[in-house]
Amino acid sequence: MPALVVVGLQWGDEGKGRVIHSLARHAHAVARYQGGNNAGHTLVLGPNDILALHLVPSGIVYPKVHCYIGNGVVVDPKSLKQEIEMLTQRGVKVRGRCWVSPLSHVILPYHLQLERYLGEGSRLGTTQRGIGPSYRDKIARAGIRIIDYLDDEIFKERALANIQELLTPFAKPEEIRVIENQTLSDRQSLAPFLKTIARDVSIELHAALKKGRRVILESAQGTFLDVDFGTYPYVTSSNPVAGYAPCGVGIGPQAIEVVLGIAKLFTTRVGEGPFPTEIQDDLAAQIRETGHEYGATTGRPRRIGWLDLPLLRKACRINGVNRLALTKLDTLSGLSKIQVCVGYSLNGRILKELPDGLRALKEALPVYRELPGFTGDLTSVTRYADLPKQAKRLIDLTLDYCQTPAAIISVGRRPQNQIILDRTFCRTWM
Ligand code: IMO
Ligand code: MG
């Protein structure tokens, strides 16, 4: 029963969509297990053909792959409909192969409004997609699942009660009435659409795995945005870590054969929160431009920093990563020197893993090892042996520090721009 989890090891935007693009061609299914349309998974299909996916799993570009949105995801029905329409317009046939779990919770207009009233956009730098408020309702046992959305009576009662209760402290009665009307009228047009794509994801995946078919579980965000393991409170409201993957789609954990951790060979972060290896100078701007480091969901410039190995090592442990995919080696080409964080100095001690706690994250000083840079266009390199010597040094240092083998190194934006290091893995999964 082989399932593979693709999990981000940093603060999101590690290249999860790009790696799935090169993995999913022969998979039976790709399923998202948490998050919502805060994700932005970029797939480069051609020289000027870039696709940004937010809710629909990255397998959708392959006509035979089934795509599932699991119970752990929060779904904005309007946004999902728009995304499916966008894909259809671009010639991707979605009908009959993209399904959403009836147990997924929905994001309604009052969630978006509430996020604004709570100031989470500016305080935490959220994507303002209503993600936090929707998960908040879920945990408070007041949420609305798709199965409830499709039930006239349950929907009306719960949605109107929530709107009154949650918005009254912030909004005037006439403003609340506008939200109520919008919610009811949206549902009129969106419920029939959701009805056609609602399917029991757990049953479907279970059947596929029983037949020995390959299933890829796609995380959104990354380990340090995880609500338990991330840099709390500067996190998202779900669990991107691999341990949540089976829960977020309704299968047992023993189905998972591979945990493929995705890490960029530098670090980025969007939104507020600790980022110990962040760099601010012209070099940051240079890497941002070369690497197209702008948010695929919000367009915000991403914060840029050096590769943080204590952070990666911790992520490998928490997720049980047994294969790595290292991305964006090509972006570093042309830098005269590359810094790599190989430890943290805190209260006279050297730490080999990123510490927890906001104070420790602030006080811990990164210890850097300086590596000489490398040059040249790496995008057509397909063999490790053909990489510049200094690029190999960076890779070797990373693998050694994480004590985890790599399956893939990406050297460009297209799926073919990669170096396969683990042939057995690739024969099974590609
Ligand atoms: P992908 O899947 C990077 C960040 C936001 C903010 C924090 C909380 O493309 O890697 P939220 O809207 O989730 O409540 O915001 O999480 N964030 C991401 N950063 N990549 C993402 O997704 C992200 N999704 C959310 O910027 O700091
Ligand atoms: Mg992204």
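Let me begin with a term: when I say salt bridge, I mean a side-chain nitrogen of Lys or Arg that lies within 4 Å of a carboxyl oxygen of Asp or Glu. Please also keep in mind from the start that this is a predicted model.

With that term in hand, how many salt bridges are counted between domain 1 and domain 2? The count there is 1 salt bridge, and it joins Asp186 to Lys78, with the closest N and O atoms 3.4 Å apart. As a general point, side chains of opposite charge can pair when their charged atoms come close.

Now let us step back to the two domains themselves. Domain 1 is made of two stretches, 3-86 and 201-429, while domain 2 covers 105-197. Their C-alpha centres lie 30 Å apart, and where the domains touch, 27 residues of domain 1 are in contact with 24 residues of domain 2. The size of an interface is often given as the accessible area lost when the parts come together. For domain 1 and domain 2 that buried area is about 2,000 Å², and carbon and sulfur atoms give 62% of it. On the side of domain 1, the residues that lose the most area to domain 2 are Val74, Pro77 and Lys78, which together account for 27% of what that side buries.

Polar contacts also cross this boundary, and 8 residue pairs are counted between the two domains, both residues of each pair being at pLDDT 80 or more. Which elements of domain 1 supply at least two residues each to the side that touches domain 2? They are strand S6, at 74-75, and helix H2, at 77-89, and H2 gives the largest share, with 5 residues.

Let us turn to the ligand. There are 20 residues around ligand 1, and those that come nearest are Asp13, Lys16, His41, Thr127 and Thr236. Backbone atoms take part here as well: a polar backbone atom of Gln221 is 2.9 Å from an oxygen atom of ligand 1, a backbone N or O atom of Val270 lies 3.0 Å from a ligand oxygen, and for Gly125 the corresponding distance is 3.3 Å.

Another backbone detail is the peptide bond from Tyr232 to Pro233, which is cis, with omega near 5 degrees; Pro233 lies in the loop between strand S9 and helix H10.

I will finish with Ile256, found in strand S10, residues 256-264. Ile256 and Pro2 are 254 residues apart in sequence, and yet their C-alpha atoms are 6.0 Å apart in space. Setting aside neighbours within four places in sequence, Ile256 is in contact with Ala3, Val5, Leu217 and Pro246.

Definitions and conventions. Residues are numbered from 1 along each chain as its sequence is written. Chains are lettered from A and ligands numbered from 1 in the order in which they are written. This is a predicted model: local features need pLDDT of at least 70, side-chain atom pairs count only at pLDDT 80 or more; totals for chains, interfaces and linings use all residues. Side-chain values use heavy atoms; hydrogens and water are left out. Domain bounds come from an automatic or database domain assignment. Contact means heavy atoms within 4.5 Å. Buried area is the accessible area (1.4 Å probe) that two parts lose on being put together, summed over both. A polar contact is a pair of N or O atoms within 3.5 Å; within protein, one must be able to donate a hydrogen and the other to accept it, and residues adjacent in sequence count only if both atoms are side-chain atoms. Helices (H or I, at least four residues) and strands (E, at least two) are DSSP runs, numbered from the N terminus. A residue is near a molecule or strand if one of its heavy atoms lies within 4 Å of it.
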